[in-house]
Amino acid sequence: MPSAVDINWYIALSGILFVIGALGVLLRRNAIILFMSIELMLNSANLLFVAFARHLGDLDGQVLVFFVITVAAAEVAVGLALIVAIFRTRKSINIDEINLLKG
Amino acid sequence: MIHPILFILLAAVAVAAALGMLLSRNAVHSALYLVLNFMTVAVLYLVLNAPFIAMVQITVYAGAIVILFLFVIMLLGAEKLRGAADEVRGSERYHRYAAVLLAVVLIGVFGYLLFQNSLGSTALSPSIDAGPQALGIALFQSYVFPFQVTGVLLLAAVTGVVIFGHTKKRGKDNA
């Protein structure tokens, strides 16, 4: 076992988390879980940003994470409002059933 | 620097929580697994000399966003999809093939990157001051314009959410 945790370990962890998030988007049909998977992918990207900020001794990576978190919050708010609006008309949040632009 | 065993422990918890989110039948359980994952990543942020980001992660992600998820799940009563006993198995076959293909390709790319060690030296730079004060100075000096754009984005998001939330009152025919 390597004696010190370096940037490669964080790249590996971030990659695994990103793949799990991508699998969630492809495999799950529940729109809410879809959004959670997107959050997981954004989160893994954030982890990589912070790890590289530490690796390079640069603060800019952390500032970028700040912006990503803000955009993720806005995205979730709008997305969940969309899901609520769709649920009102279609009575379902199965994304296979949400296939009409004009319901 | 974090001890390897501690890192492996944290990484295992994070990956297990992510898998739990992916595989839970109940959406509430998924949301709670997501909280666990965010908390673990917040601990890693603390280790990585990013205390402010760690606190933002806990308050915004594990606090606000997941609460929003739980609120919507319970508002809609949509813990489970109706008429889909096994969601993963019930999905289209090409979805599953595409998912496996994507997973293999992504893991392959990450593995290639790691084994090639194309990053050169993995030596750490000296630790920098990354407290709230330093981050605030960076944010309000170098990144003032993106910060303002973020404010506009949040305003647009709030406006959009309010409009989506009031669809019933806009006309009886369409509602």
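Two residues are taken to be in contact if their C-beta atoms, placed from the backbone, lie within 7 Å. By this criterion B:Phe147, which lies in helix H7 of chain B, touches B:Leu139 and B:Phe140 when residues up to four places away in sequence are not counted. The structure is a predicted model, in which local features need pLDDT of at least 70 and side-chain atom pairs count only at pLDDT 80 or more, whereas totals for chains, interfaces and linings use all residues. Residues are numbered from 1 along each chain as its sequence is written, while chains are lettered from A and ligands numbered from 1 in the order in which they are written.

The secondary structure of chain B comprises seven helices and zero strands, where helices (H or I, at least four residues) and strands (E, at least two) are DSSP runs numbered from the N terminus. Along the sequence, chain B therefore reads as α-α-α-α-α-α-α. An automatic or database domain assignment, the origin of the domain bounds, divides chain B into domain 1 (1-82) and domain 2 (132-175), and the centres of these two domains, taken over C-alpha atoms, are separated by 24 Å. Among contacts in chain B between residues at least 6 apart in sequence, 50% join residues at least 24 apart.

Burial was assigned by counting the other C-beta atoms, placed from the backbone, within 10 Å of a residue's own: 20 or more make it buried, 12 or fewer exposed, and counts in between partly exposed. Buried residues make up 22% of the 175 residues in chain B. B:Phe147 counts as partly exposed because it has 15 C-beta neighbours inside 10 Å, and its C-alpha atom is separated by 33 Å from that of B:Val28, 119 residues apart along the chain. B:Asn49, placed in the loop between H2 and H3 of chain B, counts as buried because it has 20 C-beta neighbours inside 10 Å. Most residues other than glycine have a negative phi. The phi of B:Asn49, however, is near 65°, a positive value in a residue other than glycine.

Between the chains, 74 residues of chain B are in contact with 62 residues of chain A. The elements that give two or more residues to this side of chain B include helix H1 (4-23), helix H2 (27-47) and helix H3 (51-76), and H3(B) provides the largest share, 12 residues. By class, the side of chain B that touches chain A has 61 nonpolar, 11 polar and two charged residues, with Ala, Val, Leu, Ile, Met, Phe, Trp, Tyr, Cys and Pro counted as nonpolar, Asp, Glu, Lys and Arg as charged, and the others, Gly among them, as polar.

Two packed helices are described by the angle between their axes and the distance between the axes. Axes are lines fitted to C-alpha atoms, for helices over the stretch in contact, and angles run from 0 to 180 degrees between N-to-C directions; angles under 35 degrees count as roughly parallel, over 145 as roughly antiparallel, 65 to 115 as roughly perpendicular and the rest as oblique. The axes of H2(A) and H2(B) come within 11 Å and cross at roughly 5°, which means that H2(A) is roughly parallel to H2(B). Among the residues that meet here are A:Leu40 and A:Asn43 in H2(A) and B:Asn37 and B:Phe38 in H2(B). This contact of H2(A) with H2(B) has 13 nonpolar, three polar and one charged residues.
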